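Hello,

Below is the structure I promised to pass on. My notes follow it.

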Number of protein chains: 2
Amino acid sequence: MKITGEMIIGQSSVWGTAGTVKAIDPAHNTELTPDFGLATEAEVDRACALAELAFDTYRETTLQQRAHFLETIATGILDLGPALIERAMVESGLPQARLEGERGRTVTQLRLFAKVVRDGHWLGVTLDAALPDRVPPRPDLRLRKIALGPVAVFGASNFPLAFSVAGGDTASALAAGCPVVVKAHGAHLGTSELVARVIQKAVADCALPEGVFSMLIGEGRKIGHDLVSHPAIKAVGFTGSRQGGLALVRAAAQRHEPIPVYAEMSSINPMFVLPAALAANAAGLAQGYVDSLTLGAGQFCTNPGLVIALDDESLQNFIDAASLALQAKAAATMLTPGIHKAYVEGVAKLSAIAGVTVQAQGQSRVGGCAAQAVLASCDGDTFLSTPALQDEIFGPASLVIRCRDAQQMLRIAQQVEGQLTVTVQALAADGGLATMLMPTLERKAGRILFNGFPTGVEVAHAMVHGGPFPSTSDSRTTSVGASAIDRFLRPVCYQAIPAALLPDALANDNPLHLARIVDGELHLPG
Amino acid sequence: MKITGEMIIGQSSVWGTAGTVKAIDPAHNTELTPDFGLATEAEVDRACALAELAFDTYRETTLQQRAHFLETIATGILDLGPALIERAMVESGLPQARLEGERGRTVTQLRLFAKVVRDGHWLGVTLDAALPDRVPPRPDLRLRKIALGPVAVFGASNFPLAFSVAGGDTASALAAGCPVVVKAHGAHLGTSELVARVIQKAVADCALPEGVFSMLIGEGRKIGHDLVSHPAIKAVGFTGSRQGGLALVRAAAQRHEPIPVYAEMSSINPMFVLPAALAANAAGLAQGYVDSLTLGAGQFCTNPGLVIALDDESLQNFIDAASLALQAKAAATMLTPGIHKAYVEGVAKLSAIAGVTVQAQGQSRVGGCAAQAVLASCDGDTFLSTPALQDEIFGPASLVIRCRDAQQMLRIAQQVEGQLTVTVQALAADGGLATMLMPTLERKAGRILFNGFPTGVEVAHAMVHGGPFPSTSDSRTTSVGASAIDRFLRPVCYQAIPAALLPDALANDNPLHLARIVDGELHLPG
């Protein structure tokens, strides 16, 4: 499949006439062909109007049709073969194995949502029978959830497949019955076009209305603002920086009709290393931590940016071992020149903070957006008195906090901002301290994990990739896992509706074989 | 129980020192005793700090404990006996039978949430087993929902019991495990104190931390802003005007950590009367409509403010019959002098709009905040070109729109703003038109009802009392019915957590007998 630089607006390929932009090879800091045309406001409007036009038809496709559509996209992505991986490698600087793994994750995710759609638990079907003899009589009441409306999706720089054009936000919105308008991320424009053409073809192959999917190209804040402000758009999915996410949150709040924004933003993913675990295996933990920290040039939302431990000999052993491990890590190409620049500046700012000691650095390499890993440390008092130490540095930099005692460790847990993840390294002997920490950790994070490392976000039913502000703009939701579909739904109650007008999901004989709450009791289909 | 004019802050009764305010008898426009003391900022802070302190303990009370607490409140409200009804009558001008019915609704609602808590579906328990042999291995993943944190509740003027101190917002927040800080509504201060003392006693009787419940008294915007801006508050429930709701939405968005606001605001509840239904029973529909319109002096969020029908002879019969029925309606006392003033102004504004004809008025009465019901009409073109005709007039005023044809009826459906309810009067012969309208109605409202009237919101599992903006600030939720609890929850994923640290809800042997999704399949307990 040839990359043309066009946008995908319904079933059309459209050359944007608001200027051009080039994709970049960050490993060589060179421009790639072809040029990409930028969207005018009219093109944003056209994509949104098509989505609006498609909505009523698309949201009432059968569960079977919608699941098949998601599976068609999954197959289409695999059918792109090596061309997709090659383009993604050049645009992102990420290695082949990582991108092949990410493609697998993207496909698994689409198939998971196909299963979720078919199961239909998300419909939340709830029936209360009429009680005509009660005083006053109770009418027949039936609840199902329906799609919110067209959704704007802003992909992430760091997952050109799994959190981008056909990533979790798109998959869950399409699963819910929402048409999607994606704004392609500038860090992987060609990759985006390839995937967008797969979805465009799946829309046609599944005989869906063309407005079900569009992909726009644009630079800077304006296109995001135009897209989020468009009256047809009813929700927003975003993965990226805190600044970028908050700009969309503000734009959405300023609309005549405010809409929900699911922005996954910044997280430094504290790791609490409890004393017995640290004493038992300082070197092993250090190696696992440094591997997690430097994976993918540290460009994960769940990168372990903070280590909290008691200041004892074991911690010194941990820092020494981590320093050695870090020094062995080669510099890795970051996703874009802008991300690399921000990383270098973030590290410089961290190093300059009074009380912070740089413990070790990874290998360096000149040019090619190469990130040199950094391990720093400070004491608990410094951390507690320096809010800037909670700023996310996107990349392979991390800070070890030497705590005076368990009380200080708890105080730090209480003071950290909201997180996607919190990790605890603990043995049975650490149980008392772990028990003391748990209530605070639950309040701080969407996912709590023990004796592992936070990078690696399983696509599963029970996953939560979300958390309190500022890790996301809406802690009530997740952007990974089956319940991501819930973000794009709202309940509707049907009262005394004639049977002929009832949606199939609510019919008496349960033709869709759904789990249902009937008069307050949950029933499985059967 | 004596009314003292004090606030309830945890287990203390506190006389607010920021000034005093009096409760009003709207039927006689007179002041009532005693005075009520207004909260200082320090008192707002004290209530919120206590709530924060209570949170971790309260959210981990057992399902049994929490259900019992809700039932204790319900019993306590009944035990207040006639004193509660008498005070509410004097403060609200509402008749005894209505308030006794509302008390029943309040008690039913608390008991419904006790059942909801015990069932535990709201925990959303989802388990994915570890797959140690997979490459890479999958860790054990377990999801449950936990309470968001302390909730600020702003009660409604028009339901001094069911949407106030112990109303749906409070009941669902307490059910979720959230401490509650209520701001008492100025329209029923004594009633609020009586109910607050019941909750305060239930907290003590159930041996819960005192911060689980507080009730503050304040005037004007400042106390609302202070309460919503307090860092301990993590969500807001509100029922009231659009202006008041949007002020809280703005305050919540301006916080360092934005929080969700569930504001139920304004709705004019269109009723589509289709031709066959109208021809068959114009007089009967007119009587039902006027009864619904004037119930409780028209002071319902679900009051039918708009009737849409084809302009034919049957519609004229409907208007004639409705006019007669309306003229027979006595003027009824409104809740407050302010609400009465706004109603009179709203009716004057409506009557002055070009193209609007006043068809009939109810009986008038001088003094005592008495509302004279109003029936007006206009043609479809006037409605479509006059946005002001969608402004809610809180009270017994309604507008009949004479549509040229079915297309204009559909256009009006498309143009109305978001609503709590949409009603359709239809016979089998209206099926074609009803089918054409349904997709639009689903997008406009939280509840669609056929051949009934929208006042009367059943407390049930399948109820939705919510809807698209501006009827609420968050269409994804409901403020009545079992799923109101979902507003105050967020998911947490527990990854590879040692069994000793797992919450009971997630334990392998399912000690709480919960429905669970295990490896993607829903299982009932037992």
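Two residues are in contact here if their C-beta atoms, placed from the backbone, lie within 7 Å. By that rule, and not counting residues up to four places away in sequence, B:Leu70 touches B:Leu110, B:Phe113, B:Ala114, B:Val117, B:Ala171, B:Leu174 and B:Ala175.

First, the conventions. This is a predicted model, in which local features need pLDDT of at least 70 and side-chain atom pairs count only at pLDDT 80 or more, while totals for chains, interfaces and linings use all residues. Residues are numbered from 1 along each chain as its sequence is written, and chains are lettered from A and ligands numbered from 1 in the order in which they are written.

The core. B:Leu70 is one of the residues with the most contacts inside the largest nonpolar core, together with A:Leu70, A:Val236 and B:Val236. That core has 372 residues. A nonpolar core is a set of buried Ala, Val, Leu, Ile, Met, Phe, Trp, Tyr and Cys residues joined through C-beta atoms within 7 Å. A residue is buried if 20 or more other C-beta atoms lie within 10 Å of its own, exposed if 12 or fewer, and partly exposed in between, with C-beta atoms placed from the backbone.

Helix α5 (residues 168-176) of chain A is mostly covered, with 9 of its 9 residues buried. A:Gly177 follows α5(A) and has a positive phi, near 100°. Helices (H or I, at least four residues) and strands (E, at least two) are DSSP runs, numbered from the N terminus.

The interface. Chain A and chain B each put 58 residues into the contact. On the side of chain B that touches chain A, β21(B) gives the most, with 7 residues. The residues of that side divide into 33 nonpolar, 14 polar and 11 charged; Ala, Val, Leu, Ile, Met, Phe, Trp, Tyr, Cys and Pro count as nonpolar, Asp, Glu, Lys and Arg as charged, and the others, Gly among them, as polar.

A rotation of 180° with 0.0 Å of shift along its axis superposes chain B on chain A, with an RMSD of 0.0 Å. The two copies are thus related as by a two-fold rotation axis. The superposition is by least squares on the C-alpha atoms of residues with pLDDT of at least 70 in both. Because 100% of the interface residues of chain B are also interface residues in chain A, the copies meet through the same surface.

The sheet. An open sheet of 12 strands with mixed pairing runs in the order β15(A)-β17(A)-β18(A)-β13(A)-β12(A)-β19(A)-β20(A)-β21(B)-β6(B)-β5(B)-β22(B)-β23(B). β15 (357-361) of chain A and β23 (521-523) of chain B stand at the edges, each with a single partner strand, so one side of each is left without a neighbour in the sheet. Two strands pair if DSSP finds at least two bridges between them. Between the chains, β20 (residues 445-450) of chain A and β21(B) pair in the parallel sense over 3 bridges, and A:Leu449 stands opposite B:Gln495. Within chain A, 3 bridges join β12 (residues 270-273) to β19 (residues 419-425), which run parallel; the partner of A:Met271 is A:Thr423.

One more residue. B:Arg402 is in strand β18 (residues 397-403) of chain B. It counts as buried, because it has 22 C-beta neighbours inside 10 Å. Leaving aside neighbours within four places in sequence, B:Arg402 is in contact with B:Asp311, B:Leu315, B:Ser377, B:Asp379 and B:Gly380.

Regards
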